[in-house]
Amino acid sequence: MKRTALLHSLRTRLLVLIILAALPGTVVTVWTALVQRQASEDSARDEMREAAATMAARYERRISSTKAVLTTLSEFPPVTAAPNACAAELRSILHIHDDLANLAFINAGGYVSCSAVAPPSSDPVYLGDRPYFHAALTSGGRVVTSGFIMGRLVHRPVQILAKSFTAPGHRPMVVYTSLDLSTKASPFLQVDIPAGGRVMLLDSDGGYLGGFPADLNRYGDQVIPADVLQRIHGAGPKGDLTAKDSSGHTSIFGYAALATGQAYAIASIPRATAFAAARLMLARNLAILGIGLTLALLAGWRLIATQLLRKSTALRQAAEKIAAGELQAKSGLPPGRDELGIVASAFDTMTDALAERTREADKFNRIQRMLTAISRAQLRTRDIRTLLQEACRIAVDYGELRLAWVGQVDAQKQRVTAIAHYGHESDYMEGASLSLAAESPESGGLVGTALRTGRPAVTNDFLRDPRLAPWYPLGKRLGFGGGCAFPIVLDGKPRYVFTVYTADSGFFNPQDLALLEQLTADIAYGLHALEMEQQAGYLANYDPLTGLFNRQGLLLQVGPLLVRTLHNGRHAAVVTLEITNFHQIADELGQVAADELLRLFAVHLREVLRAGDIASRVLDTRFCMVLADMASPDDVRRVMEHMFKQLPHELDVAGKTIVPKLRAGVAISPADASEAEQLLDFSQRALHALTSEPVVFFAPAINLTLQENRKLELALRQALDEETLELHYQPVVDSGSRHVRGFEALARWPSGPDGAVPPGRFIPLAESCGLIVPLGDWALRTAARQAAYWERQGRRRLQIAVNVSPLQFREERFLTRVTESITATGATLRNVNLAMEITENLLIHNLEEVRIILVGLKELGIALYLDDFGTGYSSLGYLHNLPFDVVKIDQSFTRQLGVEARSEAMVKTIVALAGQFGLAVIAEGVETEEQLAMVRKLRCKYVQGFLTGRPMPAAEAERLLGPVPER
């Protein structure tokens, strides 16, 4: 963003104009440099050609003069004199010609007969093997030249010129001279050449004969690349070319062939050296141009900054401060007559008006944010004190208040005690308490007034309000300008008070007070919901009928007990106790009397248990006890015998004497198992063993029971294959009109191996042996077929609810199986009047996966019932986060209405909770008119139970519905 702003700024645009103005000068400078570069290259080519031609001419003159010397010596050979006189004469000639290294005569045998340079030894010097010797003998008297050689007599690099002649006595001889190619003896090589250049004399094969500057170490070497030499051979006698030299650098070469054609004069200079002057001039010109441009840019930058940007920057910064919330920000520029001065003055006037107009809006928005934050806190907070503390923090942080605190009202003691606080020096509120007694001066403050009147008590000038005189010193020290107290009413009584203080006086206006009252109402709602949830949470671990632990509560207690027992080297026993004739008693006396029997039995069960033992009710007719700290398995037997003797043999229920028949299964830890779930399972297996003993200990003989279960399992498989099971329908009716609104579909097995098999027997068996999934599919298909049939009759508002087993629900292809089961009947998805009843126990594991499946069911058009609500793991989160349509109140609460106040409170709580989330409520187990009246009084819309209809076949249910509606 900063880069983009810089690119589009006025300063940048002006500086770009300066740069564009300097651009033509830059182009001219570069173009001039290119022209100079080409001129430098052309000049270098001329100089190299001239240097090569000069060297070639000089060397040819040297060859010519040397040939003249040889001709003279051949015509007047001093060999007729004595050898010493011959050598002396040759030395005198050599002294005159300082560019010669030696003069000598060679006889026809190839031996040196006379030499200006004395041989290194007395032995004759043989030169008959030299090519130039033979060339001279056969040349017919012409002068021949050799390539570069190292002289045998002079031991220096030389080039030989030789000529044959006839000596007196008709003897053929050869006279030769050695041209000295060393630097000191070759001034002809010192050609005027630019710095960095060089000139060389090469033989026809490219061998180095000499040069300037000289390179003594390279005589005879190939000093230029072969391809360059080849190009020179193929070109004319003179010229130039550009190519890479032997070091790999691009160079300009000038060349000239000698007249003899046996050598070349070559001058070269690196191209970069030739361009050096032009490059230096370009760098100098660019530097001058750059300095000038920089000075121009700096001057322009300074001018823009002082005349324009200072004012525009001040305006921009003030605007940015306003955008950041500093609404009173001003430009700080003095009024001026120029355009920017006028704009600055108008801008400052605007900020004054804007700050004034947004102050109230800002305060309104802060309070609105408080409302939102409190609503979110209610969803994530499960503790009352935590919610109140969070409310105080939100009020201070979001509302920018000075301090907030919540007091709890004690009506009996006439006091308010601070239980949550947050803000400036709020620690003084820790444990603070105010008196509400009429004679106390504290009762006339904001808190006392709010609680007495039931309305908010407000002050906009804390230090001048006479009601607050006792708190003037505190308010002055803490900087209070205003304050307000809001009573929090629950169940028609003020239970808490929410008090806030501001730093500014005049803070509260009617609009603010209305929003703060809404905030207080939201806090009250959250407190009410938490209290109801805590009340419902009690039943997560306890059986509401007997007050004993339920299965979940039992498992929570047994785990630590087993660990402790095992650590101490002791034994523990899990005992499953069942009243085997309970259903017979219930059929004879009714469910109310049967419940009273269970409650009385639980009281006696507590009495016979020892300290440290645990009792629970795990099913309708089944209790479970955990006997702790047993010395041995025999000790368990003795305790069980003693307990059975102490348990009552007769109970007085509803004016009748009841004889409960008891049977118990026992599993011992660690002999049978060490895990609570497994011990409970083993004790239940022992309970169902085929024996007449009242107390059965788990043992391998229990397999007899398993065999019986296997027999029943095979029969159930056959019944599913042949579809001999039946689906009965129990009506759900309106609690006021008693009109049928739907049915619950219940599986029945009328033709088992030994007659009718109760659902409590074959459904647990189906779950244990894996038949619950096909059983559920059958029930769903049958219910869907019946629902489609009734819909075709015109009974479109009837909804059939099908129970779903946890095992069936968790099956991997559950949604697919549901779809297939419905479409197999010919029913149309989304139009079939089906519902599924889901128990709370399904919701405690993998809640997110459960939610996905439930959403999938809703997309198929299936309604969702939350069954047995209140007996498992009731939570507001389930109702809030999961797409349920109906909540079913468990019959254990319904049957205690009018008998137990706690059950009435529970039903009332569930109805209220469901209403908050827009859910319908069905009360199960309604068997008496009194229960129906109580349910109707508690505003429960629908009921289900024996009073309004038992489960019945489809034909009987259809008769209950009456005639088919006319179309």
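Buried here means under 20% relative accessible area, exposed means over 50%, and partly exposed is what falls in between (1.4 Å probe, protein chains only). The model is a predicted one, so local features need pLDDT of at least 70 and side-chain atom pairs count only at pLDDT 80 or more, while totals for chains, interfaces and linings use all residues. Residues are numbered from 1 along each chain as its sequence is written, and side-chain values use heavy atoms, with hydrogens and water left out.

**The chain as a whole**
- The protein chain has 28 helices and 32 strands, taken as DSSP runs numbered from the N terminus (helices are H or I with at least four residues, strands are E with at least two).
- Of its 967 residues, 47% count as buried.
- Among contacts (heavy atoms within 4.5 Å) with a separation of 6 or more, 61% involve residues 24 or more positions apart.

**Salt bridges**
- A search of the whole structure turns up 28 salt bridges, each being a side-chain nitrogen of Lys or Arg within 4 Å of a carboxyl oxygen of Asp or Glu.
- Lys888 pairs with Glu744 at 3.2 Å, N to O. Lys888 sits in strand E30 (residues 886-889) and Glu744 in strand E25 (residues 740-752), so this bridge ties together parts 144 residues apart in sequence.
- Lys888 has 1% relative accessibility, and Glu744 is buried too, at 6%.
- Lys888 also meets Glu924 in a salt bridge, at 3.3 Å from N to O. Here strand E30 is linked to the loop between strand E31 (920-923) and helix H27 (929-937), where Glu924 lies, 36 residues apart.
- Arg685 and Asp681 form a salt bridge with their closest N and O atoms 3.3 Å apart. The two are four residues apart in helix H17 (residues 676-687), which means about one helical turn separates them.
- Arg685 is partly exposed at 32% relative accessibility, and Asp681 is partly exposed at 30%.
- Arg45, Asp46, Arg49 and Asp240 are joined up in a salt-bridge network.

**Cysteines**
- There's one disulfide in the structure, a disulfide being a pair of cysteine sulfur atoms within 2.5 Å.
- Cys86 and Cys114 make that bond, with 2.0 Å from S to S. Cys86 is in helix H3 (residues 83-96) and Cys114 in strand E2 (residues 112-115), so the bond ties together parts 28 residues apart in sequence.
- The torsion about the S-S bond is about -115°, so this disulfide is left-handed.
- Cys86 is buried at 1% relative accessible area, and Cys114 is buried at 5%.
- Cys392 is buried at 0% relative accessibility, and Cys484 is buried with a relative accessible area of 0%.

**Helix H22**
- Phe814, Val818, Ser821 and Ile822 are buried in helix H22 (residues 814-823). They span an arc of only 95° around the axis, so they sit on the same side of H22; the arc is that of the directions from the helix axis to the C-beta atoms.
- The buried residues of H22 pack against helix H20 (772-792), helix H21 (806-809), strand E28 (834-839) and helix H23 (847-859).
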